[in-house]
2 protein chains.
Amino acid sequence: MQAYAELEARFRRMLLLRSVDDILHWDAAAVMPSGSAAARAEQLALLKVMEHELLADPAVAERLDEAEAEVDQLDDWQRANLREMRRLWVNGAAVPSDLVDAFSRACSLCERSWRRARPEGDFQVVAPLLEEVLRLVREVAAARIARPLGPDAPGNAYDALLDEHDPGMRSATLDPLFERLASWLPGLLERALEKQATSPAPLALRGPFPAEAQRRLGLRLMARVGFDESRGRLDVSAHPFCGGTPDDVRITTRYDEDDFATGLLGVLHESGHALYQRGLPEAWRYQPVGEPRGMGLHESQSLLIEMQVCRSRPFLEFAAPLIREAFGGSGEAFGADNLYARATRVERGFIRVDADEVTYPAHVILRYRLEKAMVAGDLSVRDLPGAWNEGMKALLGLDVPDHRRGCLQDIHWFDGAFGYFPSYTIGAVAAAQLFQAACQQVGDVEAGIALGDLAPLIAWLREHVHGQGSRLSTPEIIERATGRPLELGPYEAHLERRYAL
Amino acid sequence: MQAYAELEARFRRMLLLRSVDDILHWDAAAVMPSGSAAARAEQLALLKVMEHELLADPAVAERLDEAEAEVDQLDDWQRANLREMRRLWVNGAAVPSDLVDAFSRACSLCERSWRRARPEGDFQVVAPLLEEVLRLVREVAAARIARPLGPDAPGNAYDALLDEHDPGMRSATLDPLFERLASWLPGLLERALEKQATSPAPLALRGPFPAEAQRRLGLRLMARVGFDESRGRLDVSAHPFCGGTPDDVRITTRYDEDDFATGLLGVLHESGHALYQRGLPEAWRYQPVGEPRGMGLHESQSLLIEMQVCRSRPFLEFAAPLIREAFGGSGEAFGADNLYARATRVERGFIRVDADEVTYPAHVILRYRLEKAMVAGDLSVRDLPGAWNEGMKALLGLDVPDHRRGCLQDIHWFDGAFGYFPSYTIGAVAAAQLFQAACQQVGDVEAGIALGDLAPLIAWLREHVHGQGSRLSTPEIIERATGRPLELGPYEAHLERRYAL
């Protein structure tokens, strides 16, 4: 047990240091003065170096070997913790540090070039830099595969990238799910648009909606969905996110004084992430097994709150009087029917982040196919714009007018994030499946939502998802919680019910 | 040079880590959710441990010896940096870690007891805990003296404590200054009160003064006194302070909607601290020689801005229209004469933090005498209340009605801070001397103040004080800047002019 105990002490220090990092990141995005970025970069770089030194110390490899030899003496959670320590070590130490450096520099250069290229839609200028990023991404993936983590380790380069964001997730699982979705969605979209065309267009909501009133309403609804204000904050940042630590969860949003819905639904989306953070197992704070499982599961929690709960008619019926009160609104425009019609509006578009619930998966599937092909070496960067535009035509029937609204729209690839996009749709699918299971297993989940009382739902999520930390893989958590492997049924049924019936 | 270079790298890491600490402290005071204190305590404790490990590593002692043997190869700043490294090492490593632990625990217990004892004025309940703190303070001082820092090291226990807050400051310097002040002040106070009695009482300023309007005015005046908003923030906290880092200076205040003056002068006071922080030598960032020199000099900068500049009639004449504009004020009450009369009002009182410029030194001298006697073993904790009350009678002619308004009013001793109080008056005296020198050496300092333009003054302070970092001792910085050792003349002349002429 000595080796395991030493590892716990070391990883505690590493993850506590990372929690400091999390607060500094929030600070940089939400409150830091504009001129202090260079000094902040020095602080963050030091924390990263110190975290890496803790992990890369040769003593870690020795203690891991020793602890794994005595694994019988560990209980279930300790064993999972040891496995996650090994995972962090492999992910942190498998890639040679000069490759890490080269990759980090290439990403940084490419991302900067992308910021200039996007407004112009000039793909050519950024293409050589993206080629370099892709080359290094493939090297990183190869290094991970060369040093595998046990028998279930990812066997190909794309899976190695996927596994970093969603441990246990494999393209062999996603391929059939995404292909079925890709063939089913266009029909659903047609039916949704037809249904929508038979009703009158939703009424406009006349602003202005003062930022301060939006903030107060956000805080009020956050509290209703279970956000603990004594352990978290709501602030403003250019790009909304959920940051901070499990004991100090900090979410941000943006306020548009002409449209409160985007900001408000953003707050509720981030509140879903916040509930996950806050519900992580307290006994395993600052240990690898106490960390959130992965991006897909994280997104499932934000989408469960936003899409399954808050955009539902029962919740909007509860929320409508609060919205009217917040803005002094009245009449049909501020009624639950109109708010619901606005919250579930469907429209084909070029931009992923503006997409509605029905068209969103098409944007993700397009990127999934393309990045898998790029990582496999089947699609060159040069051919990316053409492939993108063909894909958009096939999936959403749209002709992409320029690269700004095409393959230059997202930062991810240009910043080195390959294997990340699927988590948005994994999250959406898992959210539907988890929500259905919660409703079936707990009688008063739906009744609670209509009253703005999410306590029964949150209790179920705490037990089956949040409180599990990283004890199991993403697929295992979903299967244990719902009794079924990740599947499309509940998701399709949800979209069908909301958009086509 | 190898040893010196290694030391630079190590101290850079240590002070960069401390700068992270500084941001987390600001966060805890200004924005942290109420329930997150325990998690924050873990983060801060880890940073402290890591800083201490960097300093206490046996390699440091070896490198210091090696670098000091090659001191001829270093330039002036490097030499001073090496000297400050040695100082940090002696202060950090001279005291055995079990004594540090015991002291820290005793302070923590005593401070908590003081929080309960103060409202009741119950000195007896906290006395045994303060005895323990005092016992350990004396042990800490003895440990410092036993491991002296060069030939000019402090030779007695009180000087060892003083030296921690103001390197180079000695009771042999302070004793004559404070004794002369103590005998001169009562007469000045009498004359000030007589002069005040001959004028009509200042007019009341009718509020409410909304917090947001106070904040905007504060930001506006901060900018006028030279605070760089792209490298700092103004926020609210229970106890106003200047925190953050030289590249990210964060000051806080409190707003009383019935009285804007306290909050506003607080903002300007903290802005003085902020200017010092911001003006520290950029080439020596994260090195010991780049740190602020000490508490007395820091306080001289806040008092220079608050007392010498902002409470002066020329500055208030500049500020009066801005104040009227901020609050929609008008008439005689908001005129410069009345604002000046209010900002320079004198009154005997029991409470240090509420004291005016004339009576403040009496509060400090009382504490200085008492803490010196306690540390020397000439005054027991049991006899403190009696000695306090006698001292107040002698210095300000007041009969202390209860210990809440007597020896229980300040946190300092109960939290282990002995040798700190003098810095308030060192600061006030040095502020007058530095300001006088600046006015004499630079023609347009006073003309600038009347126009709300402090640039000439700030430039002088940057060169002679801020930009000196810790290159020299506090007495040396004052002497080089003004051509004279720390002396009472300019301070007495200032008080005389403002209050008695």
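User: Which residues have the most contacts inside the largest nonpolar core, and how many residues does that core have?
Analyst: In this predicted model, the largest nonpolar core has 125 residues. Those with the most contacts inside it are B:Phe123, B:Phe315 and B:Phe418.

User: Which helix gives the most to this core?
Analyst: That is helix H16 of chain B, residues 422-441, which contributes twelve residues.

User: What is B:Phe418 in contact with, leaving aside its neighbours within four places in sequence?
Analyst: Its partners include B:Leu130, B:Val133, B:Leu134 and B:Val137. B:Phe418 also contacts B:Leu161, B:His165, B:Glu371, B:Met374, B:Val375 and B:Trp413.

User: Where do A:Trp114 and A:Phe414 lie in chain A?
Analyst: A:Trp114 is in helix H5 (residues 97-120), while A:Phe414 is in the loop between helix H15 (384-396) and helix H16 (422-441), so the pair ties together parts that are 300 residues apart in sequence.

User: Are those two buried or exposed?
Analyst: A:Trp114 and A:Phe414 are both buried.

User: And why is the pair of A:Phe209 and A:Phe260 edge-to-face?
Analyst: The planes of A:Phe209 and A:Phe260 stand at 75°, with the ring centres 5.0 Å apart, so the pair counts as edge-to-face. A:Phe209 lies in the loop between helix H8 (171-198) and helix H9 (211-224) of chain A, and A:Phe260 belongs to helix H10 (residues 260-279) of that chain, so this pair joins parts 51 residues apart in sequence. Both A:Phe209 and A:Phe260 are buried.

User: Which residues do ring pairs link into a cluster?
Analyst: The cluster consists of A:Tyr360, A:Trp388, A:Trp413, A:Phe418, A:Tyr420, A:Phe421 and A:Tyr424.

User: What does the charged end of A:Arg250 sit over?
Analyst: It sits over the ring of A:Trp26, 4.4 Å from the ring centre. In chain B, the charged end of B:Arg250 sits over the ring of B:Trp26, 4.4 Å from its centre.

User: Which residue stands opposite A:Arg250?
Analyst: A:Gly243 stands opposite A:Arg250, which is in S3(A). S2(A) and strand S3 (residues 248-253) of chain A pair in the antiparallel sense over four bridges.

Key:
Residues numbered from 1 in each chain as written. Chains lettered and ligands numbered in written order. Predicted model: local features only at pLDDT ≥ 70, side-chain atom pairs only at ≥ 80, totals over all residues. Heavy atoms only, no water. Helix = DSSP H or I, 4+ residues; strand = E, 2+ residues; numbered from the N terminus. Buried < 20%, exposed > 50% of the residue type's maximum accessible area, 1.4 Å probe, protein only. Phe/Tyr/Trp six-rings, centres within 6.5 Å; stacked < 30°, edge-to-face > 60°. Lys NZ or Arg CZ within 6 Å of the ring centre and 35° of its normal. Core = buried A, V, L, I, M, F, W, Y, C linked by side-chain atoms within 4.5 Å. Contact = heavy atoms within 4.5 Å. Pairing = 2+ DSSP bridges.
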